[in-house]
Amino acid sequence: MATALASARPAEPTSPTFWRTFWANAVLAPRTSLGFMRLDFVLGTVFVIPLTQMVFFAFVVQLGGGGASAIAFTAIGNAVATVSYSSVFTVCQTTDNEKTLGTMEHLLVSPAGRFALYLGRGLIPILISLATVAVGLTYAVLLFGVSIPVATFPGLAVSVVLTAFAMVGFGLLLGGVALYLRTSIILGNIFLFIGLLLSGVNFPLSSLPPALQYLGDALPLTWGLAAIRAAISGSALGPLAVLWAAVAISGIVSIGLSMGLWDFFERRAKATGSIARF
Amino acid sequence: MTMATVVGVRRTRVTAASLRLAFLQFIADPQWLVPSMIAPVIFGLVSYELFRGAGPYFLTYAILGAGMMSMWGQTLYGSGWATGQDREFGTLEPTIQAPAPYLYVVLGRIVWNVVAGLFGGLIVYVVVVVAAGGPPALPNPLAFVLLFLFVMVTLACVGIVFAAAYVYTRFAGFIQNIGEFAFYVGTGCMFPVVLLPFWTNPIALLFPPTWALDALRYVSIPGYVGFGWGWGWDLVGAVATTAIYAGIAGTVFHRVERHVLEVGDLSDY
Amino acid sequence: MSDSPAIEVRDLVRVFESRKGFLFNEVNRTQALKGVDLTVEPGEIFGLLGPNGAGKTTLVKILSTLLLPTSGTARVLGHDVARDADWLRPRIGLVLGGERGVYTRISGRENLRYFADLYGVPPGEREPRIQAVLERVDLASAADRRVEEYSRGMKQKLHIARGILHRPSILFLDEPTIGLDPKSARETRKLVRSLEGDGVTILLTTHYMFEAEELCPRLAVLSKGRIVANDTVDALRHRVGGDRTIEVEAYGFEDREHAALRALPGVSKVASEEFGPRVRLTLRIRTLETTPAHVAALLPGHPELSVRERRTSLEDVYLDLVEEEAT
């Protein structure tokens with residue numbers, strides 16, 4: 001039996017099923033990223049980063065003469081914005097790790113379906129992103145005077161889930177671009193922080209020049225944050241549903257684009273040989 | 001090949017070689033300056049926006065804070081990050097195995113990162129000033145420049161000690177990511193430390209940049225009240241704490257090197 | 001140089017600890033070296049063989065001051081590796097090889113300049129010595145190209161160049177020809193022999209038996225953290241049952257035929273191996289009395305019987321020793 005199993009005689013080619021590829025990438029692939037390898041580090045991302053970032057901006061607001069409402073505004077904004085660490089930055093960085101470890105080439109020659117592969121890679125980051133936002137909002141309530149009525153919980157939950165989904169989709173999109181680049185760290189860093197300026201995290205988007213507002217509208221974080229703020233403020237279902245649709249669309253578009261980019265950059269990377277370069 | 005007569009390795013030569021290597025690697029791939037620039041530029045713009053309307057000297061707060069973040073990021077973490085890359089590329093083992101003290105290899109990188117940090121600070125300045133429509137008034141330019149240079153020295157000294165963490169553990173980069181904001185908050189990068197709860201102040205004063213930045217604000221923001229003891233004592237505190245960091249750097253590196261030789265994880269990343 | 005051994009290792013133990021789980025809960029201990037004793041004389045090329053995970057690299061790292069022993073002593077050039085690392089490092093060359101370990105974004109020459117400074121090569125000698133070393137490893141024409149453009153073999157040559165750049169008294173070569181094409185591997189072996197001519201003591205680890213046999217008059221076999229053999233190649237041949245080997249192949253043998261072969265004069269060992277329908281018996285023979293003709297005479301009636309004699313190779317010796325240790 002063992003001899004038969006170990007045989008190298010050519011077999012009928014088989015391709016892994018969607019779910020098998022999805023599961024393998026959901027469970028195994030995140031572990032290639034250092035941040036996901038250890039539970040204590042995940043807890044650091046979930047519990048420490050939101051707190052320190054919120055404290056930082058709360059004091060900046062205070063120094064600038066902002067009152068309680070301005071501090072609450074920035075607290076909610078940063079509670080949600082820290083989702084970028086587990087979604088955008090870490091997901092994007094996975095591409096780098098694959099290159100450094102030399103596993104990217106093996107991944108690209110495997111017959112695994114790219115869609116399942118990509119979706120699978122988003123699963124754990126989505127869960128961590130959900131936890132990050134939940135913890136951040138808890139800090140906002142406990143430490144920064146934000147009020148979240150219980151009645152708003154269902155709407156808030158939908159907004160948070162959709163935001164996590166959209167942000168991870170955006171991270172996957174950047175990961176696709178990173179396939180072609182020497183490193184994804186630069187891209188990851190840009191989109192880790194750009195939301196703080198362009199997504200209405202610390203001040204309303206309307207304070208920015210129109211050109212920057214348009215740029216902000218292209219980021220899933222902007223729509224996710226708007227939906228979360230609307231849910232917390234007890235917005236009616238109608239306007240909230242419009243924002244949900246916008247968040248969902250930004251996530252779906254990101255994943256769709258990432259698939260297309262993955263295919264495009266996979267070809268480019270093969271042509272230029274950048275797969276093995278880091 | 002005949003065996004060489006063994007001569008001592010000059011520390012200045014090691015530092016110069018390390019500086020040169022850092023420069024060559026930068027030239028080979030200058031885009032690596034970008035990651036350390038992104039956060040400070042964005043934080044500078046966000047803070048400027050949040051400070052707008054609060055008073056004429058708040059632009060200085062935003063520029064100083066973001067500029068410091070750039071230089072801190074580059075100097076404190078850049079050098080450690082280079083050691084993290086040494087782990088990743090497998091070059092930490094041959095470097096440690098060489099007879100040159102690793103501390104002086106790190107020192108060379110720090111010097112380079114000070115230069116890169118200054119460049120980063122300049123970019124932050126230009127971006128925030130363009131966004132604000134003009135530069136802030138600087139009441140005492142000479143004192144500012146001197147103190148500014150001194151701040152760089154304090155950062156370099158803390159950077160050396162921090163870099164030891166990257167030799168100590170391959171997880172230093174991740175720990176740094178988690179602790180980065182805490183450091184910026186704790187040392188009053190964008191706002192005076194006295195705004196923080198009182199119990200945090202003694203911790204903040206363990207870091208030389210806290211003192212130096214307080215002194216820098218005294219000379220650049222009229223009416224500034226930080227710790228309340230004036231820029232002179234700030235300077236004394238900064239010099240004293242910097243001396244402590246410089247003094248313990250050698251011991252810290254020696255112990256860390258001993259530790260990694262015991263653990264045997266120099267090639268892990 | 002003094003008359004003391006170049007390398008002297010006594011009862012060397014190294015334990016690695018790895019931690020796993022949330023907040024370092026689970027500690028796994030692996031004993032990589034379990035009381036190693038070894039002596040290498042000045043100026044010799046000493047081979048260290050062993051399967052993957054036997055502890056070869058661990059031993060090399062301890063001897064080159066990159067790892068501290070858990071217990072026991074290791075002395076290089078008469079100095080303790082744990083206590084006198086500062087004294088030893090300028091006198092040691094280390095070639096760990098592989099794809100990593102060099103700065104890939106700069107040129108090979110710049111890599112060597114950097115390490116020349118770190119090793120304190122006299123400034124006036126730095127450039128000519130780098131050029132000479134590059135020529136010696138046949139890398140001069142690619143010296144100014146970025147290392148990321150190098151093939152694996154070129155990187156290996158760069159590793160070796162760095163190892164000998166500061167003219168060390170003792171050189172540790174950890175699998176120096178792995179991944180090299182046959183021509184480069186041959187050149188590397190030639191280089192190693194020439195270093196012996198310069199009086200450098202070399203500790204060489206390798207998986208290639210012909211390489212060890214060609215380069216190393218003495219060698220040790222490390223298996224599961226222990227030295228299972230330490231001698232000259234000829235003495236090791238004798239230890240595993242003789243320097244002559246006769247191989248017999250047929251479609252199976254009977255027990256009485258096995259017994260008859262074992263009873264032949266000078267036969268110390270008969271090993272059996274199946275491959276497909278055929279069976280191969282390998283006889284180790286200490287004396288000259290037993291010949292292939294004697295063996296064939298004991299096996300009448302076998303269709304397609306094959307009997308051939310060859311010299312016991314180092315690979316035979318190695319496999320016997322490792323198998324012996326495993327059982």
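Analyst: Chain C has 11 helices and 14 strands, where helices (H or I, at least four residues) and strands (E, at least two) are DSSP runs numbered from the N terminus. The model is predicted: local features need pLDDT of at least 70, side-chain atom pairs count only at pLDDT 80 or more, and totals for chains, interfaces and linings use all residues. Residues are numbered from 1 along each chain as its sequence is written, while chains are lettered from A and ligands numbered from 1 in the order in which they are written.

The C-alpha atoms of chain C fill a box of roughly 75 × 50 × 50 Å along the principal axes. Of the 327 residues in chain C, 45% are buried, that is, they have 20 or more other C-beta atoms, placed from the backbone, within 10 Å of their own. Among contacts in chain C between residues at least 6 apart in sequence, 70% join residues at least 24 apart; a contact requires C-beta atoms, placed from the backbone, within 7 Å. Chain C is divided into domain 1 (7-236) and domain 2 (241-311), with bounds from an automatic or database domain assignment. The C-alpha centres of these two domains of chain C lie 41 Å apart.

The open sheet of chain C comprises 6 strands in the order β6-β7-β8-β3-β9-β10, with mixed pairing; two strands pair if DSSP finds at least two bridges between them. At its edges stand β6 (92-95) and β10 (226-232) of chain C, each with a single partner strand, so one side of each has no neighbour in the sheet. Neighbouring strands of this sheet are turned against each other by 15 degrees on average, direction ignored.

Within the sheet, β3 (residues 45-49) and β9 (residues 218-223) of chain C pair in the parallel sense over 4 bridges. Leu49(C) has Val221(C) as its bridge partner in β9(C).

Axes here are lines fitted to C-alpha atoms, for helices over the stretch in contact, and angles run from 0 to 180 degrees between N-to-C directions. Helix α6 (residues 182-197) of chain C lies across β3, β7 and β8 (201-205) of chain C, at about 150 degrees to β8(C).

Technical notes. Buried ≥ 20, exposed ≤ 12 C-beta atoms within 10 Å, placed from the backbone. Contact = placed C-beta atoms within 7 Å.
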